[in-house]
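The sequence and structure come first.

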Amino acid sequence: MRIISGTHKGRRILAPKKLPVRPTTDMAKEALFNILHNRFYFPDLHVLDLCAGTGNISYEFASRGVSKILAVDADPGCVEFIVKTSEALGFSIAVTKSDVFQFLENTEQSFHLIFTDPPYDMALEDFEKIATHVFNHKLLLEDGLLVIEHSKHMNLAHLPHFTQSRKYSNSVFSFFAHA
């Protein structure tokens, strides 16, 4: 994987093969960040990267000037990798080891942008639970955006607050916002 833009543009990051991850492809990531760039001024954002895996999305935000990033993952190897990599790159990414649902239940923070890339084999009900919890517990600021990455075989358009989806190869980004 590589960082597409910003201060660390072109920087390659090699994650250990033993991590249980499926990083967002460079093509899909570039398309996503083009969409986000047209909506947000990055230095002002407070970003939550749920199911952060290798930290791929967090590094991209940090490289583009976001200074308030929280990466959350349940796997200790992923958490350790994000901590070490963000330190090596000079990023101040806060990292928390937690199950996604426990984190959503216990956090009192709100964010401009929440990105989550759960395992594609997660049950549809759990994807729905993430979206519902974000809005019911006011984790997304009024002008914020929730982006859920999922398989092209899943459709989240029936959920409240859904605004659009974009498909890139086998991945889909579903976008959710306040009315």
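Helix H3 is followed by Gly90, whose phi is positive, near 80 degrees; helices (H or I, at least four residues) and strands (E, at least two) are DSSP runs, numbered from the N terminus. The model is predicted, so local features need pLDDT of at least 70 and side-chain atom pairs count only at pLDDT 80 or more, while totals for chains, interfaces and linings use all residues. Residues are numbered from 1 along each chain as its sequence is written, and side-chain values use heavy atoms, without hydrogens and water.

At the start of H3, a side-chain oxygen of Asp75 comes to within 3.0 Å of the backbone nitrogen of Gly77.

| State (relative accessible area) | Residues of H3 |
|---|---|
| Buried (under 20%) | Cys78, Val79, Phe81, Ile82, Thr85, Ser86, Leu89 |
| Exposed (over 50%) | Lys84, Glu87, Ala88 |

The buried residues of H3 pack against H2, S2 and strand S3 (93–97), where contact means heavy atoms within 4.5 Å.

The largest nonpolar core has 35 residues, and Leu36, Tyr59 and Phe61 have the most contacts inside it. Such a core is a set of buried Ala, Val, Leu, Ile, Met, Phe, Trp, Tyr and Cys residues joined through side-chain atoms within 4.5 Å. H1 supplies the largest share of this core, six residues. Not counting residues up to four places away in sequence, Phe61 touches residues including Phe33, Leu36 and Leu113.

Note on methods: Buried < 20%, exposed > 50% of the residue type's maximum accessible area, 1.4 Å probe, protein only. Polar contact = N/O pair within 3.5 Å; in protein donor to acceptor, adjacent residues only side chain to side chain.
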